Amino acid sequence: MPGPSLKNDSINIITHDMKTLVKKIQDLRHLGIEDSQIALPRICVIGDQSAGKSSLIEGMSEIKVPRAAGTCTRCPMEINLTESDPDQPWTCRVYLSRKYFYDTSQRVDKVSKKSHPFGPWHVQDQEDELFITLSDRDDVEEAIRWAQLAILNPGRPTAVYIPGQNFDTDENYCQVKFSPNVVRLDISAPGFPSLSFYDLPGVISQAEHEKDRYLVAMVENLVKEYITQANCIVLLTLPMTNDATNSSAARLMREVKSAKARTLGVLTKPDRIQTGESYVQWVEILEGEKFRLGHGYYVIRNNPDPTVQHAQARLEENAFFASEPWATELAAYQEKFGTRKLQTALSSLLLDKIQSCLPKVIEQIEAKSQRIDAELQTLPDPPSASSPFILCQMLNNFREHVQAHMDGGSADYPLLKMWFHLATDFKRVLIHTRPTVGILSQAEDREKAMKNQKDDDSDSEVTIVHPPTPAKRKALTHGDTPDAKRRFTPDLGRISSTSPFDKVSREIKKFTWEDIRECNETASRGCLPDQIDPKAIEILNQRSVEHWKVPLMIFLDESHDLVKKILLEQIDEVFVQYQRTNLYREIRRIVEQYLQKLHQQHIDWAEEVYEMEHNKPFTMNRIALEQAKNHGFSVLVRARNSGRYGMYQDRIGRYPEGDIRRDNELKSMIEKPQELEEILGPDQYLPEMRIMAYARGYYDVASSRFVDLICQSTHTKLFSKCRSQLIEEVQRELHINDHDSKCLVIVSNRASVDILYLVVERCCELMAEEPERQHRRLVLQREKEKIVKAQTWLSAAKKDEPEDVYDNMTVKSQPQDDWAPFASSMDTSV
């Protein structure tokens, strides 16, 4: 009888070519690099309680596992098989892998599927503790039982459960009835394959006691947690003693998106089918007509007697499937019968899964490495004796950034470019808000309104620059009149739609000829009739510029806010690693305080300039003033003539409004001022037009001067001071120069030890970070070490990548379909 030669035959059938890859996946998993974005290939065995999972696990791993109800169903088990050197004995290392901690203060009688899927169990950094090392296969079952007890008693030390040290430990007591933490078995032996799989707790539909109902949801959540991962191959165990529609594990598999395509069904306990019972259901399943799965079904048979050795069990299994009806009526499915054939198919699937997902896993690990590096950049090293060097280096870097922004000239430093747009809007708003005057007097407007029987009050507004562009005409609102469309408006370009001056630009000072006449008469000091009093011009000039203070304050506030925004951004960039330290908070405070001081000084000075402009209009630029005044006067005269002749045309009624002949006549008469005066008579508001022309001319000269002066002051009182004085202010306020020398000089010149100590102490005080960030840095550094190891291993594995030995072998997979027709019969009770 060839029994001894078959001792490892069932496992050796798994190809040796996949050992390296499987071993690398095991190593990566034990490093703890898996997270929500990195999912390593795995095999997970699921099934209902008493579905034959234990026999399946024993058949694939050649170990004995506890079969009694209780602890064996209350936590997952990971089994890793590895080939050792030929001269090394069989070895099994049992680990307690704790990825969750137990919160004793939380209720355990209710479980949420989303927020707390495992109830009082919460995620922590994974900890792997060696429980025991075995050299005898017969000791494995007992070791697993005590390891599970250690997992189910998180409040007690592990040592009291280790075989040989557990004489006084109550083996019937469990602090909890379920744990998501894992008992891990690393088994190595000569000629052993590299294979890894998880045995998940059996799915239950009912709890033994009402108080344990939460276990139903907790186990289901655990199973879903594992099989949801896209790289998981699911082994679904279905006992042939039950109707497949009653499987709770199958129901869970169906509820997980895409899990069915990754599932291989394992039909167990074929020897317990009652004599005379029909095999029709199972033939339909094997044929793929019912309950289709992505990788089809296999049938295995194991001896329920735990004393039977594995080699003997495989011989019995071969003999069983060589008998009726398996070798006769069901002979067409012989390739799906037996543990060895299941292992062959499983190894093929696992190798394909590893080879297909490995490139993506490498990319995900690289991405995780980059994320860790990026976060570590925000977490500085703990303060040390080198802190003064680091601080001074950062301050110098900050100085360079500030100076670059204040100097401008680069797309990387857009401060001056942004400020220039603001200054342009400031200039435009002053031009746009210069005073205007109506073409017609109030009396003339009333006469025109009575003549036309409509309100044309808005028609006679004028500003003295240029005719409107076509774009301006299109912008007129529905209520504008034809005369309003012919108004003279400034061609100033548009103020930005998001300009802070929007509201000010709509507040234009409007005069009437009556207002100007009254001003002249009020200011008169006994002049001859129709003479212009200089005091009237001065009053009009003052009234024209009194609105300047509002746009002035807006411009100063916006300028300083822009600089503040840029500087705070530079602080964030330069001191990014210290944003949770006193250093960062102090530098922000100092910079904001310094800018506030500059802002107030600038406002005080600008208000003095405004008061001078408002209280005493003055200019020595007489040539520019005369040119602006003459131009304004000619525009006003032409506009008045046009308006007055239009009224004349209305009175004589020769042509109706809108007649092209009326427009042509008006254009012709405007070019003949002498004939026009003979028809209309002298303009009674000629003195007022001269006053308005003078006021407008002065406004143009004064506003240009005012804008230049204010903008120039922004350079001298803001930009220049930030460039040359800000860093010195920061160093002074940080008190790192309080020891008769600058920190750079102290350190570089090796000053006295006492002074150096004080500088280092002050710098460490400023740069000390919060304890949570110190802990976070340590966590990231540990994660980085894992990533480096993982990348090293993967690099080595890529060089030694095995050839695919399955090129000539196929594993029949069944097409997917919908289990919906049988959904109604599924048992979903809890």
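Let's start with the rings: this structure, a predicted model, holds 20 aromatic pairs. Take Phe320 and Trp326, whose ring centres lie 5.7 Å apart with the planes at 45 degrees, so this pair is tilted. Burial means under 20% relative accessible area. Phe320, at 17%, therefore counts as buried, and so does Trp326, at 2%.

Another tilted pair is made by Trp419 and Phe555, with 6.1 Å from centre to centre and 50 degrees between the planes. Here the pair links distant parts of the chain: Trp419 belongs to helix α11 (residues 415-432) and Phe555 to helix α18 (residues 549-574), 136 residues apart. Trp419 is buried, with a relative accessible area of 6%, and Phe555 is buried too, at 0%.

Arg42 lies over the face of Tyr198, 4.8 Å from the ring centre. Likewise, Lys336 has its charged end over the ring of Tyr298, at 4.9 Å from the centre.

Finally, look at how two helices meet. Helix α3 (residues 53-61) packs against helix α9 (residues 339-377) at an angle of about 75 degrees, and their axes are 10 Å apart. That angle is why the two helices, α3 and α9, count as roughly perpendicular to each other. On the α3 side, the contact is made by Leu56, Gly59 and Met60, while α9 brings in Thr339, Leu342, Gln343 and Leu346. Sort the residues of this contact by type and you get four nonpolar, three polar and no charged.

Notes: Residues numbered from 1 in each chain as written. Predicted model: local features only at pLDDT ≥ 70, side-chain atom pairs only at ≥ 80, totals over all residues. Heavy atoms only, no water. Axes fitted to C-alpha atoms, helices over the stretch in contact; angles between N-to-C directions. Helix = DSSP H or I, 4+ residues; strand = E, 2+ residues; numbered from the N terminus. Parallel < 35°, antiparallel > 145°, perpendicular 65-115°, else oblique. Contact = heavy atoms within 4.5 Å. Nonpolar A, V, L, I, M, F, W, Y, C, P; charged D, E, K, R; others polar. Phe/Tyr/Trp six-rings, centres within 6.5 Å; stacked < 30°, edge-to-face > 60°. Buried < 20%, exposed > 50% of the residue type's maximum accessible area, 1.4 Å probe, protein only. Lys NZ or Arg CZ within 6 Å of the ring centre and 35° of its normal.
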